[in-house]
Amino acid sequence: MNVIVLILTILFAGAALSFFAKKITPQASSVVSFVAILSATLLFFLSGKPDAVNFNLGSFDLEWQLSDFGYIFAVIVLVLATLISLYSISYMKGMPHLGYFNSNFMLSVASMMGIVLSSDFISLFIFWEIMTWSSYLLVIYKGRQETSKIGIKYIIFSAVGAYAMLTAIVLINARVGTTNISEAIELGALGAENILIPILLLIGFSVKAATMPLHVWAPGAYSESPMSFTALFSGALSKMGVLGISIVFSALMLDVEFVLSAIVLQQIIMWLGGITAVVATLYALIQQDAKRLLAYSSVGQLGYITIGLASGTKLGVMAGLFMAVMHAAIKAVLFMAVGAVERQVGTTDMTKISGLIKKMPYTFFATLVAIIALAGVPPVGGFVGKWMLYESLITSNSYFLVVLIFFSSTAAFLYSYRILFGLFLGQEEDNVKNVKEAPITMVAPMVVLSIFLIVAGTFPGIVFEPLASGMAYLGYVDVNWNMSVLQNVWGNEVHLESISTIIGIVFVLAVVFITLKGYKKTRQVSTKDISTSGEIPWEHENMNYQQDFFKPFERAFSGMYKGDMGKFWVELGCALGSLANFVRKIYTGNGQTYAIYVVSFLALLLLILNK
């Protein structure tokens, strides 16, 4: 059997088996899900590049194959799905409806693999819809009234995106007579002359990438879904939107008939990406719940990626794709870490817990590395992506966007610290006295991805190589890269290996110094062993600054916080409802009324003809 067919068969069959395995024991469902995904992942990496699959569906020629560009996203999906499904075995233990959860989890993974393997728009659309519906069923998994509302919001925006995408596919087929993606691009269907088609496709893909103003579903859906799915949702599923945006903009920017309308569309998307990054970051700053903070952070980081891809330059696209890979790992780690805290403590409210550093040291380590990467500080991967993004914007004279990104990055550093401080540092609360580290099956995936972030920050070439091949598939030729050195057009170089070595040496020397010289002069203290103004606080008095952590920011941007994009969409929905009611009055269902309409129309027609 063809490897592509075999991988998809394993994943879809795993969805069915994991549903029925719950009848053995609920835990068996999670184990079956993990084994099926692991089998598909091993097959993918060990079998080499598979042959393409061609078949007909009605009058359409469908094709599945693994392109160099699709390979990037296939690796993201399979690696994250494998690690997260392992994490999920312990995280979901004891929760209800495990068959339902694991079955839809596997359907999401299978459909994402179907998307990255699709070489035609028909297959892509079918798998896209399976992905949407399976993820919707996981968003409403908890079954609460609030999650139902969030699920409705998610499915409405997804439906709008799906209709836009379907309309674009119909137009492509009508324009060039094919739905094959490569052929359609070569024939100019996605070019500037047919600007409506790229716009409709971008609407569809931007919904999943949570680009403003289509992002309003994301904070609620990310924070209310089970964390073991949110890690996949934010880490991999949002990258399906990135995949689509990359294809559309590559076709548009490399079109020889590049015209003004394409430039306008490019600038609009870049600025929407910039605004998404800033606004989502400011909202992340005022969140008290770690899950909602990460949800807004995820939306903001996707804004950076959108800017890079929309820039259309070789460096900008490379930056966008590199950040997409880093974002997948960073958000998977952080959502899994917050999920571990939720499971062990029972809450993710940062005003109610603190001081977990000694209770959950491995979770803290993984969170620390991911936070450093998120903030764009060397020696981890986030620094590399932001370096390239800044350079690409400066060299393309997009200075105002540089200001936006710099502001957003600085604010992101603040909310990153909020997570560390809120969950792990400070005094130990009474409710975490008996907390223990998360099970090894939850910790191991986080640590593995954290180590990857460090390695990718020191040797980014391991990521650059597949990205360069993928960009060549999209049409970007002669993409140069270096294993561990970043260069810019002004001749500056950053030797990442040297930076990592120096930081490592400083860290080791600091540990040795503190251990050998300072150990005898210090005493071990608990997080409660503090004093203030000469007075020792009582045991129950927590001196952590937990409430209104960034109140000055909230005051400074109070005007912006009053705005709510959700209200805009609600008002738009009400206006459409009113319009529908008006139209409904025309269609009364009464034959006499329709007869009057016909007579009136004929009379109007006669009057026009007589003139």
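**Nonpolar core, surface patch and a buried glutamine**

In this predicted model, the largest nonpolar core comprises 193 residues, and those with the most contacts inside it are Phe73, Met113, Leu190, Leu201, Trp217 and Leu232. The helix that gives the most to this core is α13 (residues 314-345), with 22 residues. For Met113, one of the residues with the most contacts inside the core, the touching residues are Ile7, Leu8, Leu11, Ala74, Val77 and Leu78, when residues up to four places away in sequence are not counted.

On the surface, a nonpolar patch is formed by Phe568, Leu572, Leu576, Leu579, Phe582, Val583, Ile586, Tyr587, Tyr594, Ile596 and Tyr597, which together have about 1000 Å² of accessible area. Two or more residues of the patch come from each of α22 (565-586) and α23 (591-610). Helix α22 gives the largest share, seven residues. Leu572 is located in helix α22 and is partly exposed, its relative accessible area being 35%.

Gln266 is located in helix α11 (residues 260-285). With a relative accessible area of 10%, Gln266 falls under the 20% limit and is therefore classed as buried. A polar atom of the Gln266 side chain lies 3.2 Å from the backbone oxygen of Ala310. Ala310 is also among the residues that Gln266 touches, together with Phe249, Met253, Ser311 and Gly312, again not counting residues up to four places away in sequence.

Note on methods
Residues are numbered from 1 along each chain as its sequence is written. This is a predicted model: local features need pLDDT of at least 70, side-chain atom pairs count only at pLDDT 80 or more; totals for chains, interfaces and linings use all residues. Side-chain values use heavy atoms; hydrogens and water are left out. A nonpolar core is a set of buried Ala, Val, Leu, Ile, Met, Phe, Trp, Tyr and Cys residues joined through side-chain atoms within 4.5 Å. Buried means under 20% relative accessible area, exposed over 50%, partly exposed in between (1.4 Å probe, protein chains only). Helices (H or I, at least four residues) and strands (E, at least two) are DSSP runs, numbered from the N terminus. Contact means heavy atoms within 4.5 Å. Patches are made of residues with over 30% relative accessible area and no salt bridge: like charges are joined within 9 Å, nonpolar side chains (Val, Leu, Ile, Met, Phe, Trp, Tyr) within 5 Å. Accessible areas come from the Shrake-Rupley method with a 1.4 Å probe; for residues, only the protein chains shown count as cover. A salt bridge is a side-chain nitrogen of Lys or Arg within 4 Å of a carboxyl oxygen of Asp or Glu. A polar contact is a pair of N or O atoms within 3.5 Å; within protein, one must be able to donate a hydrogen and the other to accept it, and residues adjacent in sequence count only if both atoms are side-chain atoms.
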